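Here is a short report on a predicted model. The sequence and structure come first, the reading after.

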Amino acid sequence: MRVFIDASALLALADPGNDGHHAAVQSLRRLDPPPALITTDFALAEALAGMHARHGRPAAESLQRSISASRALRVAHVDPDLFRAAWNLYASPDCAALDFGDCTSLAAVRALGLRHAMTFSTSPWVEAVAGLRRLPVTAAGAPR
Amino acid sequence: MQFITTNIRINRSAHRKLRYMAAERGRSMAELVREAVDEFLTGGDMGLAATEFRGDPIFFALGPDRPQALRPRDKGWRGTGPRHDPDRDPARSSARDRDPARSSARDRDPARSSARDRDPARSSARDRDPARDPARDPGPGARAGEAVAAPRLGGGLL
């Protein structure tokens, strides 16, 4: 199983002080077999900027080192085709509620054929992909 | 996303399994092959063992996971509800505090304030000396911890 990790989920996983940290970690550790975590370089940039803004440069560097050392997380690069797809999504009226970062995540999930995405964003980008399941889920199995 | 069309050779058995799995999942064979290729190109199923996954550095970027009550921003208050300050509880304040008419004559009459209050020259060395930081030396009247600065954001995380 592969799970897309957006910037908000990266911040939740990495920061024990984040409100979503516990739910994020537990929902991934419950999966058997352990999932492959996929993110994009765009989401990574957003997460590093968010960590820098909230906790300062040393925390952002610490996140960078963890990502470099991680074997569970893989970074998919937004190539020109993917960028163009995200660009077109951003211009479409269907994605008026999404920011450009959401559109790159959306385009990546579609291109990679992923079925699960972890996010703590209030943006409805996950719901824009038919059949994509949002993590974490509640005990009742309903999306958060 | 642009696609190109190509021919691949796979053995008869793999083809049969692939066709069966595609039918079972209601998806096309090409879709399953594309997904497998994507997994391969992105590292895909890395085959991490559960223990290895649990210990992955991505979960500990800023330090180990801690229970909610011990998080750094909660330092000094480990309860789950709002901090309760009996001094600010109206139900516990005295009748004197609630009724201005019952305040003392000293409170109401500026003329009855002490000479020390009125005369800056009679202020103590502590009041005049900025080097005597009240945060470091809260003075005899301060309660424990009262003059300590609020914990800084992210303190103890790094």
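## Confidence in chain A

Helices (H or I, at least four residues) and strands (E, at least two) are DSSP runs, numbered from the N terminus. Chain A as a whole averages a pLDDT of 88, and 94% of the residues score at least 70.

One stretch needs care. Over residues 138–144 of chain A, pLDDT stays under 50. For these residues the model has seven contacts beyond four places in sequence. Two residues are in contact if their C-beta atoms, placed from the backbone, lie within 7 Å. Where pLDDT is low, the predicted coordinates should not be read in detail.

## Conventions

This is a predicted model: local features need pLDDT of at least 70, side-chain atom pairs count only at pLDDT 80 or more, and totals for chains, interfaces and linings use all residues. Residues are numbered from 1 along each chain as its sequence is written, while chains are lettered from A and ligands numbered from 1 in the order in which they are written.

## Strand β1 of chain A

Which strands does β1(A) pair with? Strand β2 (residues 36–40) of chain A runs parallel to β1(A), joined by three bridges. Strand β4 (residues 116–118) of chain A also pairs with β1(A) in the parallel sense, over three bridges. Pairing requires at least two DSSP bridges between the strands. Arg2(A) stands opposite Ala36(A) in β2(A). Val3(A) has His116(A) in β4(A) as its bridge partner.

Arg2(A) and Phe4(A) point one way from β1(A) (residues 2–5), and Val3(A) and Ile5(A) the other way. In a regular strand the side chains alternate between the two faces of the sheet. All four of these residues in β1(A) are buried. A residue is buried if 20 or more other C-beta atoms lie within 10 Å of its own, exposed if 12 or fewer, and partly exposed in between, with C-beta atoms placed from the backbone.

## Cis peptide bonds

The bond from Asp32(A) to Pro33(A) is cis, with omega near 5 degrees. Pro33(A) lies in the loop between α2 (21–29) and β2 of chain A. The bond from Leu135(A) to Pro136(A) is also cis, with omega near -5 degrees. Pro136(A) is in the segment after β5 of chain A.

## Chain B

Chain B has seven helices and zero strands. Of its 158 residues, 4% are buried. Among contacts in chain B between residues at least 6 apart in sequence, 22% join residues at least 24 apart.

Definitions and conventions. pLDDT is the predictor's confidence in each residue, from 0 to 100.
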